[in-house]
Number of protein chains: 2
Amino acid sequence: MPLDWSGISHVTKVDPAEQLPRDLAILGGTDLVIVGGSDGVTRENSLDAIERIKSRFPELPVFQEPYSSGHVSTETVDSADYLSVPAVYNGDRENFVTKHVEFFTEIGNRPDEVVGTGLPVVGEFIASRGREAIAEISEKIVGEGYVIQNLDSKAASVSGVETTYSPDEVAGAALATESFYGFPIFYIEYSGTYGGTEDVAAAAKYLDETVLLYGGGITSQRQTREILDAGADAVVVGDCFHDDPERFLDTLP
Amino acid sequence: MPLDWSGISHVTKVDPAEQLPRDLAILGGTDLVIVGGSDGVTRENSLDAIERIKSRFPELPVFQEPYSSGHVSTETVDSADYLSVPAVYNGDRENFVTKHVEFFTEIGNRPDEVVGTGLPVVGEFIASRGREAIAEISEKIVGEGYVIQNLDSKAASVSGVETTYSPDEVAGAALATESFYGFPIFYIEYSGTYGGTEDVAAAAKYLDETVLLYGGGITSQRQTREILDAGADAVVVGDCFHDDPERFLDTLP
């Protein structure tokens, strides 16, 4: 059941290792939540974040974007609507293809051993249910074609990213996503810095069926507008959700 | 316009660098033709093969599967129904991701320079039409998730394949194709040797929307049946089409 992206223009990335605002009411204006992070994330705090958000806003779509199987459990898979899994174009081979083939090999053939192997997703979930889980998990997985444009970010270091893409290459990766790899999402990630509109505009001109997300350094409605006007389907806002609710509210379109 | 694969169980791979049988009537029983090869292929002999087949069997779907942009021209793109482009799971990074992103970067941004760059597809076609060609070419491109299982083959050497996959890994790559990468075709290539049913059966159990092709060493109806019974949607028969018409006819299901 693919998600209907019409009407989704503002996405909040929630880091489950960080403090959530006591009052989640500020999420009332966002259209989708992605729960994920790289440091200090566990299946317990992931589940807690997903459940708190879902109990307050049952209709709000929630993705879990795990970095390792240690972030995932039967409960997180059941609670989240989708599992979003990045394939990093400008990362190393491991992060575009190897780990995914290894992971699917594991879930297909040795479900019991997936737990704790460090593979990107769904260890305990598979182990607890065996093969019948495969169809369910497959339906929940959403591939994201990622380009990571901030070499100093944690995201870059865990994905083996050593060079950023030029706007031409961003456009090429977007066109490849649309025409060749079938990822439903193309994600330009500036992770903590504001990257401006150039990459977004370059990618947008080739994306029709593919959803275009931009994330990184958005702290104002002006920036949100700029990115949406350049052709993104939605902006992804992270940091200020945790530490500056006023600013977060100002990023709503 | 995706191809309707129901009713397609026998595919003929035609090497345009080799002699075609004088009488193409033997293609009357096959369901689809793939035109492609690695040695001696040119855009001229590719076009000649496509046109000869199309003029004899106008309704028979014809794929061109180019190894380089030198195999492709405006005329081959117009004549063939689809351009099938392999992404080799067990090849090097170049053959799974890099060359495709580079290629789409080129066609998106410097169409005039694509000619003769050695990128996998469609040089002259793009150069002659510029950007308006991009939509057309994108619609014709069909990605194939490939696993190449014969290390001694030309296909392995040009794709940087240094290790074959175990049946478990073949299953994993199949599941990754179905659930994550969106290639419409998963192709197990034994290139010149008969690989038997084990890989096919391993892959078939995870493929639903994805078409499963097996190619390599098929010389009899018994082998065709074996492979189809193991779960392949179609067998791909190559060599004997060129050099042994009787044997070729015997591979029809």
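Me: How many salt bridges does the rule find across the interface of chain B and chain A?
Reply: In this predicted model, a salt bridge needs a side-chain nitrogen of Lys or Arg within 4 Å of a carboxyl oxygen of Asp or Glu. The structure holds 14 such bridges over all chains, but across the interface of chain B and chain A the number found is zero.

Me: How many nonpolar residues are on the side of chain B that touches chain A?
Reply: In this interface, 37 residues of chain B are in contact with 37 residues of chain A. Sorted by class, the chain B side has seven charged residues and 11 polar ones, while the number of nonpolar residues is 19.

Me: Which residues in chain B lose the most area to chain A?
Reply: The two chains bury about 3000 Å² between them, and 63% of that area is on carbon and sulfur atoms. On the chain B side, three residues together account for 23% of what that side buries, and they are Arg93(B), Phe104(B) and Phe180(B).

Me: What is the bridge partner of Leu213(B) in S8(B)?
Reply: Chain B has a closed barrel of eight strands with parallel pairing, which runs S1-S2-S3-S4-S5-S6-S7-S8. Within chain B, strand S7 (residues 211-215) pairs with strand S8 (residues 234-237) in the parallel sense over three bridges. In S8(B), the partner of Leu213(B) is Ala234(B).

Me: Over how many bridges do strand S1 and strand S2 of chain A pair?
Reply: Eight strands of chain A close into a barrel, again in the order S1-S2-S3-S4-S5-S6-S7-S8 and with parallel pairing. Neighbouring strands of this sheet are turned by 30° against each other on average, with direction ignored. Val14(A) has Val35(A) as its bridge partner in S2(A), and the number of bridges over which S1 (residues 10-14) and S2 (residues 32-35) pair is four.

Me: How many residues apart in sequence are the parts that the pair Glu65(A) and Lys13(A) ties together?
Reply: The side chains of Glu65(A) and Lys13(A) meet in a salt bridge, with 3.1 Å from N to O. Glu65(A) lies in the loop between strand S3 (62-64) and helix H2 (74-79) of chain A, whereas Lys13(A) lies in strand S1 of chain A, so the parts tied together are apart in sequence by 52 residues.

Key
Residues numbered from 1 in each chain as written. Chains lettered and ligands numbered in written order. Predicted model: local features only at pLDDT ≥ 70, side-chain atom pairs only at ≥ 80, totals over all residues. Heavy atoms only, no water. Pairing = 2+ DSSP bridges. Helix = DSSP H or I, 4+ residues; strand = E, 2+ residues; numbered from the N terminus. Axes fitted to C-alpha atoms, helices over the stretch in contact; angles between N-to-C directions. Contact = heavy atoms within 4.5 Å. Buried area = accessible area lost by both parts, 1.4 Å probe. Nonpolar A, V, L, I, M, F, W, Y, C, P; charged D, E, K, R; others polar.
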